[in-house]
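Open the model in your viewer and keep the sequence beside it. Have the selection tool ready.

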Amino acid sequence: MIYVLDPPNEVLSRKILTPVTFKERFPAGRLKPPVGIIGGDVRSLVELHLFLEPDEATLPGIDLQTLPDWIAQSIGDPELAESIRAVVGAQNNYVEGCQKVYELVAHRLKQARMVLKEATE
């Protein structure tokens, strides 16, 4: 799917790629049968992307409804937050929502890395 997000500036790109403070982490977990839910958290968009990576043995447990608020407030990326809110609202089920958020976060990370790469050249 093609996502249209304006490239972040250099300052936002650094924030996107940098972990937030421990207090600002976002609660997350993984459902791993037969063990159950394994608790955890994410502290950056990089970690969120890894966390949402499709896996046949587990299912990510994350609140897709409050995730955009965390991205807007803790990461400082309201444009990505609104895009996530829109794709989550348009999905038929939780798994599809996770997949679309995974794709959107991958796109944003790629943009941020390109901006920083160009800034150092």
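This tour goes from stop to stop, saying what to select and what is there. Keep in mind that the model is predicted.

**Stop 1**

Select residues 10-17, which make up helix 1.

**Stop 2: a charged pair on helix 1**

Side chains of opposite charge can pair when their charged atoms come close. Show the side chains of Glu-10 and Arg-14. They form a salt bridge, with the closest N and O atoms 2.8 Å apart. Both residues lie in helix 1, four residues apart, which is about one turn of the helix. An α-helix has 3.6 residues a turn, so residues three or four places apart point the same way.

**Stop 3: the buried residues of helix 1**

Which residues of helix 1 are buried? Select Leu-12, Ser-13 and Ile-16 to see them. They cover an arc of only 105° around the axis, so they sit on the same side of helix 1. Next, show what covers them. The cover includes helix 2 (45-52), helix 3 and helix 5.

**Stop 4: Arg-108 and its partners**

Move to helix 5, residues 94-120, and pick Arg-108. Which residue meets Arg-108 in a salt bridge at 2.8 Å, N to O? Show Asp-77 to find the partner. This pair links distant parts of the chain, 31 residues apart. Asp-77 lies in the loop between helix 3 (67-75) and helix 4 (78-89).

Check the burial of both ends. The relative accessible area of Asp-77 is 1%, so Asp-77 is buried. Arg-108 is buried as well, because its relative accessible area is 1%.

Glu-79 counts as partly exposed because its relative accessibility is 29%.

**Stop 5: a network of salt bridges**

Select Asp-69, Glu-82 and Arg-85 together. Salt bridges that share partners join these three into one network. How many salt bridges does a search of the whole structure find? The count is seven.

**Stop 6: Ser-74 in helix 3**

Go to helix 3 and click on Ser-74. Its relative accessibility is 16%, and buried means under 20%, so Ser-74 counts as buried. Which residues is Ser-74 in contact with, leaving aside neighbours within four places in sequence? Show Val-20, Glu-24 and Asp-69 to see them. Asp-69 also belongs to the network of the previous stop.

**Stop 7: Lys-32 in strand 1**

Finish at strand 1, residues 26-32, and select Lys-32. Lys-32 is partly exposed because its relative accessible area is 33%. Not counting residues up to four places away in sequence, Lys-32 touches Ile-38, Ala-57 and Thr-58. Last, draw a distance from the C-alpha atom of Lys-32 to that of Thr-66. The two atoms are separated by 23 Å, and the residues are 34 apart along the chain.

How values were computed
Residues are numbered from 1 along each chain as its sequence is written. This is a predicted model: local features need pLDDT of at least 70, side-chain atom pairs count only at pLDDT 80 or more; totals for chains, interfaces and linings use all residues. Side-chain values use heavy atoms; hydrogens and water are left out. A salt bridge is a side-chain nitrogen of Lys or Arg within 4 Å of a carboxyl oxygen of Asp or Glu. Helices (H or I, at least four residues) and strands (E, at least two) are DSSP runs, numbered from the N terminus. Buried means under 20% relative accessible area, exposed over 50%, partly exposed in between (1.4 Å probe, protein chains only). The arc is that of the directions from the helix axis to the C-beta atoms. Contact means heavy atoms within 4.5 Å.
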